[in-house]
Amino acid sequence: MASTVDIDFPVDGILPKKETGAASFLVKYPDFDGRNVLIAILDTGVDPGAPGLQKTTTGDAKIVDLIDATGSGDVETTTVVEVKEGRVTGLTGRTLMVHLGVKIVYELYPRILRDRICKERREKTWDPLTREAIAQATKALEEFDAAHTNPNQEEKQERENLQAEVDILTDMDKKYSDCGPVYDCVVFNDGETWRACIDTSEQDKLNYSFNIYNDGNVLEIVTNAGSHGTHVACITAGHFPDNPERNGVAPGAQIIGVKIGDSRLGSMETGTALVRAMIKVQEYGCDLINYSYGEASHWSNSGHDGALGVDISAPGGAIASVPNWTLKNCQLMNGTSMSSPNACGCIALVLSGLKARDVSYNPYSVKRALQNTAKPVEGVEVFAMGYGLVQVEKAYDYLCEYEGVAECKTQFTVSCSGFGSGIYIREPIDLEKPSIVAVTIDPVHYEGITDNEEKINFCLQLSLTCDASFVQCPSHLELMNCTRSVSIKVDPRGLPEGVHFTEVCGYDIRCVERGPVFRIPVTVIVPVRVTDTSDYVMKYDNMSFKPGQIRRHFIHVPEGANVAVLRVQSTDLEKSCRMLLHAVQVLPQFQYKKLEFEKFHAGDSVCRFDLRSYLKTEDVSPSVSLKTLSVPLRPIDNKIRCLAGTRDTLPEGRQIYSLELTYKFSVSKTVEVTPDLSVLSDLLYECEYESQIWMLFDSNKQLLGSGDAYPHQYNVKLDKGDYTVLFQIRHDKKSTLERVKSAVLLMNYKLSSPLTFDLVPLAKTATPGSYLSGTLTLLKEEPAKKASAIPFKYVITEAGKKASKSANGKDKDKGENSEEKSKSMEEKFMEAQRDLKISWLSKLDIGHTLYRELKAEFEDHIPLYIARLNAIDSEKDREKCIPEIIETARLVLSKIDQQSVLAYFGMKSDNSAEAASIKTKKEEKKVEIMTSLLKLGLAQADVLLNGWSVEGVTAGELDTTVTELAKWVEPTDSKVLLLSIKHAMVHQQYGRALKLTLKEWDDKPSKDAGIKVLELYEKLGWDHCHHYFSNWLLVKFPPAYRPF
């Protein structure tokens, strides 16, 4: 046990306030704690149930409003309940207008929450019931097999039904994917305001709120897309009455949470969200906006144009509250995302004090006060942290003392010709001579609070100063309400290598102690030049670092170089540390992140690639060396076994199962092999599965070698012969083993000698306009080989067209048999007339005399009866047509010699002169037979299922029809799938019917097919499957498009 225990916890480090003076400011001014200040948090959304976000220090609600500006929480509620013309009378007697909508809950969940709820729902509502159902179905199948050792055809169908039940449950368990609950949403007006409610049941701890728009037609469900926004809100203004050390910086402030992270986009912010957010900010008259959420900025606004980029800094880490759905009270987060809300809270304290004392202020005066009172951080450059840490009390005093100065309502826009908001010299050519830069200073008055008289009287006499000798500027400037221009000379010659930053500051000569009225940043970067023109190597020796210290090196890239290799070596033999290396290439109009890890390559056009080495000789001969031949093997057998016994039984009675996979292969000569089940390779303790092992046997079952998770450690030398590999994988869940029962085993054969090829570009056939993209590797040695790879694109062009063989028309009559050729034009006309009349059968009423007339004239013409079958089968009142359908189908079948057609398709080949025409005729006969059998079977099934009274229709007759049809087409074929389903239903074989219906669903999902699936789940008594699938049906077939 430790001799001493420090019981004084460093609470100041939970959420830093001392460094900025916020803590001492609150001690001195306890009522200036952010009260009367409203802050908008533009982020992932704020959880109103998170600790510290309920009340302010004065007892007011901490959160004024919550808004989802992205639209990802919108529900269209345009459906009005049709009860008494869409009106419902409430218990109060008031008439309510009810709007209905539906929401898929997982659309509201952050990914982490969705994963947790998925897991919990599976464990509670799926696994226990599915295991029980599988066990029951398996037991029924085993009992049937034991009782029917030599089943007849009818018993085989019954067994198929039982097997289908097992297969369905097993497959569903394997493919289980939870779509989540689907909730009903109700919006109504109580006579005074719009109200809403949703039907919820999940214990997800996801707090939500509502906003209603468009006269009740849009319901906005506000949640949060992540924990970031809640953490930020708590840093800014969290209030803990019982634990004040956990308070945010401004515990008295109120906030509105605006969700700008779109859940549909993985919490990416959108332009729509930002616009909507600013509308709300203006509507509420927010004093401050905390926006520490977004993407990397681009050239124009990130300091690359010469502007400082950063004005002030604040502590960038805190332990603060996170949403309830994370199941955490608080969390440590770091970064500028945490620095921004800390600074925002500090400014809220300042504004709270100014409001309390009725001191006027505006954004311009507050910014200037923060800049001029910030505390510089020793050892950190100004361009890295701005003018330093924000100082709350000093900024407050500054604003109080200089409330009415001439420039308090004015900001000064600085523009430097050839640069931007500052002077930024970094190109080598600009370092060889002085630069004279014309700088304009434009006073911009804050609109709405500056009257014309103040603009007329605005006049400042300024002293311009700069503490750097390489910068020259005018000594004085008189600035009135117009743009003034000055010339600044920057002479970088003679400056040492590195970064040189300074500012030209303008002071009001009447009150120099106020600090600069405006600043003109000047940055000169003198890069290091590579002096080693032989190997082009640069070294930095004996570099020491303090914690958090940054060293920057700007290197002039030699002409012709496009890749560099960085090697870092520690010379400290006692200490270890974590180092962060950051390489950035700055290019106009590109955000810095774009080029942190990606090389810039100009142009996307057809070009010749010229390769030159400007610096030294390089070996750039591309080649490929092949040492191993890998042959994929699929298992010829797989068995899942229950490993009985106490040694294979886990706590709570969970039994371990093993999956045994069998692979076979042959070798033609002596070779060294390495079996590799790549899906599990190199995973041992961290593997999802309990264990794995393989054994390799010869044809005599002799064990030749074994291995486990690390395949490259086990090589087996084999002679010519046949071999078998048995692979065992263990797990306590059969469903998990099912996932790998078709796992591919790679059999790696070591080549006797490596094969080396020159690299030749090759494009595979593709649609014209497509392209193949990849990389072109130039250098030979690593790590430069990988780094030097450049993008490569190959565009597929249109292939040349081949000349048509029958362009002269000589093959026009090819395919016509002798019978067709011998027909006269009169005969052909009569046949065409007949076929035209037949085509009209489906368009005319079924009682029309045309069919009878054609039947009397063309009694043996089969297409006539097929057309009649199709016409009456599609009749609305089909029940009345059933007898005729059965009669007509049987008539067609009696007129066709089915045995001769079957015999033809049993032939291997037909080499006769009329083979093509014979095949066409036989194909036509086959279609006629299949159509007749299908129509007959469907009619028989409908009679039996619906209880219609039709003489001669029995289950046996239906069985005969189905058996005959099976000679021509598989029962699972999409053409006859409906009949197969109805046949199973007639025999009440719901497992077989469900399996076929699920196939129909998988092939082409439809709502009708989905409803059939639900009906069959209900007949089987699988309520959990019914509930699971009904939710998926709602998800797959929503009532309307999802709103934006």
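Colleague: Is Asp145 buried, partly exposed or exposed?

Modeller: Asp145 counts as partly exposed because its relative accessibility is 29%. Buried means under 20% relative accessible area, exposed means over 50%, and partly exposed lies in between (1.4 Å probe, protein chains only). This is a predicted model, in which local features need pLDDT of at least 70 and side-chain atom pairs count only at pLDDT 80 or more, while totals for chains, interfaces and linings use all residues. Residues are numbered from 1 along each chain as its sequence is written, and side-chain values use heavy atoms, with hydrogens and water left out.

Colleague: Which side chain does Asp145 meet in a salt bridge?

Modeller: That of Arg159, at 2.7 Å from N to O. A salt bridge here is a side-chain nitrogen of Lys or Arg within 4 Å of a carboxyl oxygen of Asp or Glu. The pair links distant parts of the chain, with Asp145 in helix H2 and Arg159 in helix H3, 14 residues apart. Helices are DSSP runs of H or I with at least four residues, strands are runs of E with at least two, and both are numbered from the N terminus. Arg159 is also partly exposed, with a relative accessible area of 29%.

Colleague: How many salt bridges does the structure hold?

Modeller: There are 43 salt bridges. One of them joins Asp942 and Lys982, whose closest N and O atoms are 2.7 Å apart. Asp942 lies in helix H19 (residues 915–946) and Lys982 in helix H21 (residues 977–986), so the pair ties together parts that are 40 residues apart in sequence.

Colleague: Is Asp942 buried or exposed?

Modeller: Asp942 is buried, with a relative accessible area of 6%. Asp942 and Lys982 also belong to a network of salt bridges that includes Asp873, Arg878 and Lys935.

Colleague: Changing topic, what volume does the second largest pocket have?

Modeller: About 1200 Å³, where a volume is the space filled by probe spheres set on grid points joined across faces, edges and corners. On a 1 Å grid over the protein atoms alone, a pocket is an open set of points where a 1.4 Å probe fits, with protein on both sides within 12 Å along at least five of seven lines; lining residues have an atom within 4 Å of a point.

Colleague: Which residues lie nearest its centre?

Modeller: Of the 37 lining residues, Ile134, Asp173, Lys733, Lys734 and Ser735 lie nearest the centre of the second largest pocket. Helix H2 gives the most to that lining, with 11 residues.
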